[in-house]
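Open the model and keep the sequence beside it.

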Amino acid sequence: MKQKRSCTFGVCYYPEQWPEERWAGDARAIVDFGIEFVRIAEFAWSRIEPDRGRFEWAWLDRAIATLADSGLGVVMCTPTATPPKWLVDERPDILPWNADGNPRRFGGRRHYCYSSPTYREETIRICEAVAARYGDHPGVVGWQTDNEHGNHGTVLSFAPHCVHAFQQWLESRYGTINRLNEAWGTVFWSQEYRSFADVEPPYRQVGRANMAQVLDYKRFSSDQVVSYDRLQAEIIRRHSPGRWITHNYIGHFWDFDHFALSRHLDFPSVNNYPVLMTDRRPAFADESRVTLARVGHPDCGPFNFDMTRAQGPNRWWVMEAMSGPADAGYQNTNPAPGMIRLWTWEAFAHGAEVVSYFRWRQVHYAQEQWWHALHRPDGLLSRGGHEARKVSDELDQFGPLPPPDRSRVALVVDYEANWMIEVQPHSEWFNYPRLVQVFYAALRRLGLDVDIVPVGADLAAYDLVAVPTLPHVSDEALRAFEGCRGGIVFGPRSGSKTQDYQIPLSMPPGPLQRHLPLRVHAVESLRPEIADTLAWKGGTYRAGLWRDYAGADLDPEASFSDGEGAVWRNGNWHYVAHHPDEEFLIDYFEHLAQERGLQTTRLPALVRLRRRGSYTFAFNYGTEPFELSMAGQASFILGSSVLHPRDVAVWDHTGTRPRQGTASHSGSLKNSHKHEEIA
Amino acid sequence: MKQKRSCTFGVCYYPEQWPEERWAGDARAIVDFGIEFVRIAEFAWSRIEPDRGRFEWAWLDRAIATLADSGLGVVMCTPTATPPKWLVDERPDILPWNADGNPRRFGGRRHYCYSSPTYREETIRICEAVAARYGDHPGVVGWQTDNEHGNHGTVLSFAPHCVHAFQQWLESRYGTINRLNEAWGTVFWSQEYRSFADVEPPYRQVGRANMAQVLDYKRFSSDQVVSYDRLQAEIIRRHSPGRWITHNYIGHFWDFDHFALSRHLDFPSVNNYPVLMTDRRPAFADESRVTLARVGHPDCGPFNFDMTRAQGPNRWWVMEAMSGPADAGYQNTNPAPGMIRLWTWEAFAHGAEVVSYFRWRQVHYAQEQWWHALHRPDGLLSRGGHEARKVSDELDQFGPLPPPDRSRVALVVDYEANWMIEVQPHSEWFNYPRLVQVFYAALRRLGLDVDIVPVGADLAAYDLVAVPTLPHVSDEALRAFEGCRGGIVFGPRSGSKTQDYQIPLSMPPGPLQRHLPLRVHAVESLRPEIADTLAWKGGTYRAGLWRDYAGADLDPEASFSDGEGAVWRNGNWHYVAHHPDEEFLIDYFEHLAQERGLQTTRLPALVRLRRRGSYTFAFNYGTEPFELSMAGQASFILGSSVLHPRDVAVWDHTGTRPRQGTASHSGSLKNSHKHEEIA
Amino acid sequence: MKQKRSCTFGVCYYPEQWPEERWAGDARAIVDFGIEFVRIAEFAWSRIEPDRGRFEWAWLDRAIATLADSGLGVVMCTPTATPPKWLVDERPDILPWNADGNPRRFGGRRHYCYSSPTYREETIRICEAVAARYGDHPGVVGWQTDNEHGNHGTVLSFAPHCVHAFQQWLESRYGTINRLNEAWGTVFWSQEYRSFADVEPPYRQVGRANMAQVLDYKRFSSDQVVSYDRLQAEIIRRHSPGRWITHNYIGHFWDFDHFALSRHLDFPSVNNYPVLMTDRRPAFADESRVTLARVGHPDCGPFNFDMTRAQGPNRWWVMEAMSGPADAGYQNTNPAPGMIRLWTWEAFAHGAEVVSYFRWRQVHYAQEQWWHALHRPDGLLSRGGHEARKVSDELDQFGPLPPPDRSRVALVVDYEANWMIEVQPHSEWFNYPRLVQVFYAALRRLGLDVDIVPVGADLAAYDLVAVPTLPHVSDEALRAFEGCRGGIVFGPRSGSKTQDYQIPLSMPPGPLQRHLPLRVHAVESLRPEIADTLAWKGGTYRAGLWRDYAGADLDPEASFSDGEGAVWRNGNWHYVAHHPDEEFLIDYFEHLAQERGLQTTRLPALVRLRRRGSYTFAFNYGTEPFELSMAGQASFILGSSVLHPRDVAVWDHTGTRPRQGTASHSGSLKNSHKHEEIA
């Protein structure tokens with residue numbers, strides 16, 4: 001077995017899905033591939049406990065032994081994402097309920113309600129059993145809790161037991177019902193509650209629900225996810241000393257607070273499916289779904305990585321890396337040749353410790369039979385498998401990668417900000433992920449590395465801080481912003497709400513007025529077809545979707561054609577009073593970066609850079625070669641100064657390494673079908 | 001206190017939403033603003049009766065005293081639109097049910113079913129209490145029942161108690177079940193009923209429901225709204241002698257029969273939100289939602305006004321006038337500078353007695369926190385507030401306005417006509433409000449004032465009568481049409497159904513055949529992309545969406561390119577056998593007007609005129625100035641012969657008034673943020 | 001009474017819907033029209049049995065007598081599509097349930113669940129009664145079971161009783177629960193079942209359901225339709241010796257297996273509404289719904305006919321032929337003048353024995369009052385009626401038509417193939433009917449007649465066989481394909497699944513690999529806007545929506561621009577590895593036809609040919625005349641060598657008939673409203 005690398009590979013493997021006689025061969029092949037970790041058992045409850053209390057450990061003992069004996073580190077999972085049928089039949093009160101007022105049913109996965117006391121009981125029971133059995137197994141190096149919390153719309157549930165749980169949560173938040181009535185403003189439509197026992201989840205109401213109530217239901221639901229997962233982590237920690245615990249988050253997912261959940265993990269993980277996320281996530285424009293269908297948006301994976309990095313102690317995994325076409329999009333494309341390799345390098349460039357591919361071999365039955373893998377159902381290496389192995393070979397030539405540095409640019413994101421926008425989007429076309437993406441994209445189009453940080457994080461070290469929006473600016477948040485000596489740019493609707501989802505009586509941007517002496521006196525949402533423009537330093541830019549109308553004793557930094565302020569500035573504080581266009585933000589951030597001596601590189605729409613120590617990684621999502629003039633005389637560790645389409649280059653600006661770049665990914669991948677190998 | 005005006009202002013005010021110490025100051029400021037009336041208490045049930053039978057009158061006594069003592073006339077409301085939580089919990093059978101077969105829930109407003117016997121009991125109880133308490137209060141000048149009947153899809157409900165109420169209504173309509181079976185044609189799909197006890201509301205059926213049944217459910221539901229509201233009016237009348245009663249209708253709303261409800265009111269009121277209604281109502285084309293996003297369609301408010309005027313004895317209020325951005329559209333725009341003033345003048349031009357703004361001060365919490373007001377949450381005057389006060393100042397210069405005259409042009413509309421189209425639209429693109437809007441717009445593009453009249457109204461005085469469609473032509477309707485000596489123009493589908501929603505055996509247009517010797521032998525609906533054309537007097541026009549194919553012994557007045565008749569004429573009777581294009585109707589109505597010596601003025605798409613006695617009002621919704629050459633040498637009371645964008649002009653054709661026009665709204669509004677005032 | 005023809009007419013008539021005094025006159029007029037058959041009583045249950053057990057036969061006895069005495073052959077129906085209200089009230093467990101978990105209700109039609117044991121009891125009772133009464137009536141020549149099985153989404157139901165029926169069906173299919181667990185791959189998400197009693201219908205699950213389970217629910221539901229209908233056929237056969245039994249299928253309908261149901265019929269029938277089907281069916285492109293709105297797609301009726309012909313022993317009826325505008329589309333157009341005649345001739349050209357118009361007279365009430373007929377509600381002949389009578393006159397001049405020959409071209413279709421695509425379309429834009437339509441259209445654009453055949457049918461006689469897709473290739477299917485000596489062309493996804501809906505371990509195209517040595521290693525779906533191209537023999541073609549990526553030891557016959565194979569060929573076996581464009585398929589099939597000496601004629605997009613014996617029929621759906629040069633010197637029996645728009649021509653290539661062609665349909669139809677006749 002070769003020496004462990006600083007960046008390395010894992011893979012998702014399901015022994016229960018293959019005949020036992022294949023396990024040993026698979027384990028050897030996994031090791032030979034250059035993979036060090038194998039994640040198992042997250043959907044295996046019905047095999048572990050076929051009937052209540054009858055545990056079948058023998059097969060799993062043998063599977064783990066086979067994998068561990070081959071030298072693989074086993075990442076063990078709790079199987080709670082898929083309660084078996086006998087459990088659902090015995091205790092149907094574990095099921096989640098839809099907002100239509102009816103229970104959801106068995107037949108898919110994640111068919112449980114986070115607030116079900118019964119399911120918490122059952123979770124404790126099965127987690128105790130699994131953790132007790134394998135907690136101190138020498139082959140087990142760490143744990144994943146559950147699988148993809150919140151997927152399939154499961155964060156929110158409206159089951160009968162949710163009512164009481166919500167009431168308790170409210171009582172704990174507000175103390176007295178009068179405080180709740182004040183916070184929600186229930187006097188408004190005669191909605192005053194006499195006790196917490198009166199309050200219910202918001203659904204099927206006539207007309208609009210109280211927005212603070214809806215927001216609190218989202219907060220409560222997020223807390224339920226976190227406390228549910230913590231329950232598992234506590235059990236594992238008790239039984240499995242010295243092993244780490246992680247969870248595999250869904251990418252570009254905003255329904256619960258990952259920062260809050262990550263607090264009880266050792267480090268976070270994420271699932272990364274760029275073409276699928278580009279196809280489905282609101283962050284990306286419809287145009288991208290067509291023009292970037294086979295490569296994904298160039299910020300899609302990177303944002304996912306930077307977001308995950310933000311959750312933890314500079315340590316994170318890609319737990320599921322896309323290795324071929326998926327089957328959950330409106331369309332499901334075949335990643336263009338080179339993309340599996342590109343995305344893998346991109347994850348390492350952003351600091352991933354392990355890239356664990358989903359999955360070793362494509363399963364030929366059930367729900368995900370067209371979710372492609374490193375190997376095809378016939379056992380041959382897939383195109384993605386070839387590319388993954390190429391990265392493995394390339395990595396061998398690298399030696400240890402430098403640890404990722406902190407960037408000089410921060411992007412402040414907040415889950416609650418997303419919920420605050422969701423409860424009152426004000427138009428069909430305004431959403432938080434899209435606004436965040438515009439800010440993130442503009443920074444990356446300037447060749448900047450971006451640290452994503454939560455609200456309240458120390459910003460002292462940053463030269464440029466972007467806050468796409470933050471409706472509620474807490475004292476803690478304000479203190480952090482005030483600690484920033486760089487340029488700090490707030491997007492529209494920042495400071496527009498209090499903690500209780502009320503308009504601040506000083507008017508938006510509320511607490512930010514200490515530094516931005518504005519009063520937003522009217523807000524406006526617009527259809528995408530409406531084309532306002534703004535003028536700034538001689539340029540004219542599109543501006544749409546949103547406008548904050550503000551009065552100020554300042555002159556605006558940029559104005560709309562009707563003279564109203566579009567951007568306001570006071571020293572290093574900036575307020576963008578509209579939903580900005582990417583092109584405007586690029587120019588604006590470039591200007592601020594130049595003020596701060598922060599070096600930028602204007603990149604084409606489909607090229608991105610990312611640094612890791614003295615290394616610079618370049619990625620080309622486009623179809624044209626790109627000349628990496630910014631590399632200057634640096635020596636290339638991978639690729640060369642001409643960055644080919646869907647290719648990666650890495651150079652070391654310290655210039656101390658004499659190594660030649662390896663060739664760009666070869667054309668032989670295109671013909672992989674003629675050179676297939678058994679695995 | 002200054003002298004009361006013939007046209008004046010009101011405002012919506014919610015004492016329960018503000019600290020009591022602000023009431024007196026608010027009352028003074030309201031009076032200073034030039035406002036005479038204040039509407040209160042329509043959502044205050046939970047404050048009036050916090051628990052069953054425990055009435056808290058003191059706060060409301062003080063609020064009314066404060067307002068009345070300042071000289072304001074109080075418009076008191078019944079609080080029935082928002083039954084409190086304790087009532088819903090005690091008597092859940094007040095809730096409305098959706099057509100999915102499940103109850104709707106507490107959490108918004110209007111969460112009651114018009115047919116609930118329980119809610120009628122509770123309504124009587126609370127209305128008796130409120131009316132007994134304040135009925136003879138000297139400060140109370142009038143009453144509003146409930147709030148926005150039918151909003152949030154509440155006209156139709158499918159609760160268990162609806163079944164019996166519907167059966168009783170049917171028995172009263174049809175007498176015997178055989179008569180119902182004949183009327184509905186239940187033999188058709190073996191749907192014959194043996195007794196009224198067999199019949200149910202139409203929902204969740206397999207395939208299409210019987211259309212006469214659906215129509216009757218709409219008629220029944222409308223009647224339930226009317227009888228529910230009448231219940232309130234009777235109580236108020238008993239307790240509050242000498243005060244008037246009104247209801248604030250939603251604009252461009254067709255789900256129940258406003259004419260029928262208005263019969264028990266003293267006069268009707270309406271809520272007017274032009275940019276919101278342009279954004280959401282089917283009457284307006286998608287293009288308008290983009291190009292007119294910040295001004296609204298130039299017929300949107302006016303139709304709303306003329307429709308309300310039609311309900312009453314030439315006396316009506318705008319109960320809620322838009323004073324800034326709303327928050328209930330697909331988008332929510334900020335009305336362009338000048339529009340609040342323009343819409344206010346427009347309401348007066350169409351005869352409003354009072355324009356009551358929604359609302360005095362924007363509330364900073366709960367559901368409508370981004371529904372802007374005359375004042376901002378911080379207490380400063382909003383842009384809309386500035387404009388409203390400008391109108392108040394302008395009005396002071398006017399003296400009494402002449403009373404509105406009857407027009408020489410009538411537009412016949414009918415709620416049942418809308419329901420008849422709804423139960424069988426025949427295509428996804430045909431709706432009654434849009435058809436009505438095309439007729440109304442064409443008349444107004446000719447500079448004509450339009451009286452909207454119900455079916456059966458006396459038409460003798462009109463030179464031109466437009467009937468966009470009237471599927472069922474009753475004897476009474478026919479007599480009224482026959483009383484018209486002017487040109488009378490029927491749109492497609494007129495006379496196509498009997499009272500029982502059957503095709504007349506003489507074929508459509510049924511009873512109209514006495515004057516229009518046609519037989520419509522086939523009907524056709526078309527996608528909007530299908531471009532048929534018609535020829536008339538040398539011109540060619542677009543014609544789409546609908547065609548009636550008719551045989552006649554007449555030659556058609558206008559024909560489609562395939563030779564089929566598109567318009568038929570017999571003397572002063574006209575039949576438009578398609579869904580006409582606005583451009584065609586303008587030319588056609590102009591021709592008819594000239595025949596009758598009715599003077600017309602072709603206006604640009606975004607300019608409108610409206611007369612009131614000897615005064616002519618002109619409104620410019622566009623972005624270009626317009627030369628008011630039609631004013632000739634008349635003296636301008638407001639504005640001048642160049643009508644600026646988003647501006648108003650008024651001239652007196654009697655020319656007897658020497659007064660100079662005031663200036664167009666000043667540019668200072670744009671800079672209102674620099675000149676804010678406390679209110 | 002004139003002599004019976006080899007091709008003749010029927011009509012749908014509803015005595016219960018008209019006063020008895022009109023029956024005799026109607027019967028005479030029907031006979032005079034040239035009609036020989038009349039279909040009755042399919043919605044008459046509430047008249048036949050107004051209360052449980054109280055049968056009212058007298059009226060129906062008289063109706064049948066009246067019709068039969070006039071010389072008409074009566075097609076009697078079972079009235080099971082419309083159970084009366086008293087039955088629903090007594091036994092609500094007959095109702096179907098939606099996938100939302102709530103029952104559907106009375107009020108339309110087809111409100112029964114195929115799996116309801118109660119409804120099967122009631123069906124037996126009413127069918128016994130009707131069949132016993134009229135089974136040996138001399139006027140009754142045949143029977144129709146029920147009406148339009150599956151319409152209004154009734155094939156799938158989720159009622160409580162469905163659970164047990166599904167479990168029984170599964171037990172009978174799989175024998176043991178372990179076999180089911182293997183087939184469905186329930187180990188995948190911990191979904192293993194311990195007994196058949198655990199398994200439930202797939203609905204309201206969280207995330208995606210097991211696709212094999214969904215497929216089995218579709219198979220089960222189709223079987224329920226078939227066994228339900230067979231129940232009726234068995235009763236009728238027992239009581240009505242010597243009469244035939246048919247069912248009137250809906251056109252372009254894929255929810256249950258018509259081949260399976262047809263096995264217990266004597267011959268199949270179909271309802272044919274070309275403009276309605278073009279408007280609503282997924283087979284046709286949105287563009288067709290606009291440009292062909294009044295004529296329907298030129299393959300719409302023909303596919304419907306060929307599909308019905310495929311079900312039976314070369315004998316089939318059009319049971320409901322469109323005779324004017326319908327009222328069930330998103331739009332409802334008036335068929336262009338000439339189309340009723342054209343569609344009638346088209347049905348005869350494709351081999352219809354009887355064209356039975358829907359309906360004799362338009363009913364003026366209830367659900368279908370704007371569904372036009374041969375006669376208008378006022379009794380006059382409609383435009384469609386005129387055209388139908390013209391065909392009747394033309395037919396008199398023909399003498400017996402030659403029997404339809406077998407074609408040299410086959411199109412293999414399969415209902416299960418549709419379900420297999422439906423359970424995993426892989427994109428929002430891939431559907432089976434559209435794919436089938438592209439193959440069918442390409443063949444017909446080459447002037448070829450097409451035999452539609454089920455999977456497993458003998459293909460030995462065909463020169464060209466098209467298989468748009470066949471996901472599961474059974475042994476029987478493979479044997480049939482191997483029996484084909486002509487070119488056989490498979491579409492994408494063929495052979496991609498086993499019988500248990502698993503990917504074959506040899507990879508797709510699975511069993512076809514014996515002849516097509518390919519391995520499809522990745523699949524890809526694409527949005528319609530994504531424009532890939534392929535190159536073949538110097539031409540370039542659009543290719544989108546789907547790609548199979550295959551490895552092979554063959555060189556591809558056609559390739560995409562990225563070099564991947566787009567079409568593969570091995571001898572007479574062809575595999576189209578994408579969703580082909582119609583233009584490509586036309587060129588490709590032309591090439592194959594030329595190889596086989598099969599004569600083709602490239603036709604314009606809106607002209608079609610169809611042969612019947614020595615006769616060739618030509619149809620012009622377009623607006624330009626078309627020169628029938630392919631007719632050469634043949635004598636025209638109908639029309640002439642210039643084929644006018646919306647006209648029909650027929651020539652005899654044996655040239656033995658001296659008869660002159662009749663005139664094209666005269667312009668007098670346009671003026672039919674001036675020359676109306678009473679009927």
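This is a predicted model: local features need pLDDT of at least 70, side-chain atom pairs count only at pLDDT 80 or more; totals for chains, interfaces and linings use all residues.

Residues are numbered from 1 along each chain as its sequence is written, chains are lettered from A and ligands numbered from 1 in the order in which they are written, and side-chain values use heavy atoms, with hydrogens and water left out.

Start where chain B meets chain A. Chain B brings 62 residues to the contact and chain A brings 56; contact means heavy atoms within 4.5 Å. The two chains bury about 5400 Å² between them, with 51% of it on carbon and sulfur atoms. Buried area is the accessible area (1.4 Å probe) that two parts lose on being put together, summed over both. Arg105(B), Gln367(B) and Trp370(B) supply 16% of the area that chain B buries against chain A, more than any other three residues.

Now the charges. There are 11 salt bridges between chain B and chain A, each a side-chain nitrogen of Lys or Arg within 4 Å of a carboxyl oxygen of Asp or Glu. One of them joins Arg105(B) to Glu200(A), at 3.2 Å from N to O. By class, the side of chain B that touches chain A has 20 nonpolar, 21 polar and 21 charged residues. Here Ala, Val, Leu, Ile, Met, Phe, Trp, Tyr, Cys and Pro count as nonpolar, Asp, Glu, Lys and Arg as charged, and the others, Gly among them, as polar.

Next, stay in chain B and find helix H16, residues 432-445. Helices (H or I, at least four residues) are DSSP runs, numbered from the N terminus. In H16(B), 13 of the 14 residues are buried, meaning under 20% relative accessible area with a 1.4 Å probe, protein chains only. Asn431(B) caps the N-terminal end of H16(B), with a side-chain oxygen 2.8 Å from the backbone nitrogen of Arg434(B). After H16(B) comes Gly447(B), with a positive phi near 75°.

Finally, turn to chain C. Arg309(C) sits in helix H12, residues 300-311. Is Arg309(C) buried or exposed? Arg309(C) is buried, because its relative accessible area is 10%. Leaving aside neighbours within four places in sequence, Arg309(C) is in contact with residues including Trp316(C), Asp451(C) and Arg610(C). The C-alpha atoms of Arg309(C) and His247(C) are separated by 13 Å.

Definitions and conventions:
Helices (H or I, at least four residues) and strands (E, at least two) are DSSP runs, numbered from the N terminus. The expected span of a helix is 1.5 Å times one less than its number of residues. Buried means under 20% relative accessible area, exposed over 50%, partly exposed in between (1.4 Å probe, protein chains only). A polar contact is a pair of N or O atoms within 3.5 Å; within protein, one must be able to donate a hydrogen and the other to accept it, and residues adjacent in sequence count only if both atoms are side-chain atoms.
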